[in-house]
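This report covers a sheet, the helices packed on it, a helix pair and a ligand shell. Please keep the model open while reading.

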Amino acid sequence: RELLRRGLSSASPSLPPFDHQPRPYKGMLADEVLEKRKKFLGPSLFYYYQKPLNIVEGKMQYLYDETGKRYLDAFAGIVTVSCGHCHPDVVNAVVEQSQLLQHTTTIYLHHAIVEFAEALASKMPGNLKVVYFVNSGTEANELAMLMARMYTGNLGMIALRNAYHGGSAGTIGLTALHTWKYPIPQGEIHHVMNPDPYRGAFGSDAAHYAKEVEDHINYGTSGNVAGFIAETFQGVGGAVELAPGYLKLVYDIVRKSGGVCIADEVQSGFGRTGSHYWGFETQGVIPDIVTMAKGIGNGLPLGAVVTTPEIASVMSKRIQFNTFGGNPVCSAGGLAVLKVLDKEKRQAHCADVGFQLIDRLRTLQQKHDIIGDVRGRGLMLGVELVSDKDKTPAKAEAAVLFEKLKDLGVLVGKGGLHGNVFRIKPPMCFTKQDADFLVDALDYAISRL
Ligand code: PLP
């Protein structure tokens, strides 16, 4: 009766039909996994959900827990499962290569690494044609920073506040969120204002933010820098799309100061934005170095750095070696990912589904004051929750909604300094029915706060 009085239906939205029968699970249950994880994997601050989920199977955009309950995966294992969980083409490529040869290093020749490198280079604009394979985004950014310093002979790096570029001793300096930083020396790294159209001091005014970069270089460095690094769509920082025109202005400033420009495409590459294959293309720039990981392998441990022959030539003065970089199994899997994304026209699909999703989320924003901002493009979206007109982060409400969504069968990501941004970055096979269900579930959960 109370629901009816508030004009709410009592029936919770249900997941779209999906033709897959999960295997009966007879393995270790969540409590035991958690206990052993705490004992053998060290204490962690970083569990999702009050009772962490024990995910035991995945099929395309869906995940299954130990009870067989199905969840719509709107976070893709932190923006990593690009084609879909256990996509058959990727699985087959990995199995076939594993049965033939699991490992050889770059001291010998192997066809898989060159086929993959050639296919990846064909996706890059300009003179970005030389590929280095690594195993993760952190490693990719470490190598990019090394390249920038070797090539320019300068040390200073410029990064954005709110950025996440990795957690190693080097990349932790680039990362600019206190929750992710250990108190170790940062090296010569300068963090500039984040051109965040929703929360930034200058709104969408790219020129003001760019001027601040110039000031940093003029007043905080010798006048010469090694490089500038940015995600075009900040991920961990809370699904923030940089103010339009920002990268063009800043690339000019940085290049005039002798530096190179690095685009971190670990989250935003491979057509996820719908409008372009790479995030940086949305700002009309061509970087000197591009780093990537996550979606490149659909879950395989794989990363890459792509740069110009000129920058690469500096690296060849010493040995640049990575035991697993370009491993045949990962290369075969990565090549299969590129082929699937093309064959299934996933970039256009992200644009199409993303358009509907963002439209429905904006309509929902009109209904619920707690939705302060809906942003992004394609299947790279963020929903920021606020408590009032002053944009106070709705931290507690976000935590409650996050759990409720999970109970309804939707897994989203959390981001931003206060965890009040829901990140919606599903596998790129996510459908319009999935999008509708996600919005209905969010509406249902917010209506019952
Ligand atoms: N760069 C960005 C934009 C990321 O989001 C991440 C990870 O979340 C990294 C780099 C680091 O990647 P990895 O966790 O594979 O080391």
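## Terms and basis

Axes are lines fitted to C-alpha atoms, for helices over the stretch in contact, and angles run from 0 to 180 degrees between N-to-C directions. Helices (H or I, at least four residues) and strands (E, at least two) are DSSP runs, numbered from the N terminus.

The model is predicted: local features need pLDDT of at least 70, side-chain atom pairs count only at pLDDT 80 or more, and totals for chains, interfaces and linings use all residues. Residues are numbered from 1 along each chain as its sequence is written.

## Helix pair α13 and α14

Helix α13 (residues 395-408) packs against helix α14 (residues 432-447) at about 130°, with the axes 10 Å apart. That angle makes α13 oblique to α14 (under 35 degrees is roughly parallel, over 145 roughly antiparallel, 65 to 115 roughly perpendicular, the rest oblique).

L401, K404, L405 and L408 of α13 meet A441, L442, Y444, A445 and I446 of α14; contact requires C-beta atoms, placed from the backbone, within 7 Å.

## The sheet

Seven strands form an open sheet with mixed pairing, in the order β4-β12-β11-β10-β7-β5-β6. Strands pair if DSSP finds at least two bridges between them. β4 (130-134) and β6 (189-192) are the edges, each with a single partner strand, so one side of each lacks a neighbour in the sheet.

β4 and β12 (residues 303-307) run antiparallel, joined by five bridges. Helix α5 (residues 111-121) lies across both strands, at about 120° to β4.

## Ligand shell

Among the 15 residues around the ligand, S136, G137, T138, G166 and V266 come nearest; the shell takes residues with a C-beta atom, placed from the backbone, within 6 Å. Helix α6 (residues 137-152) gives the largest share, three residues.

Technical notes. Contact = placed C-beta atoms within 7 Å.
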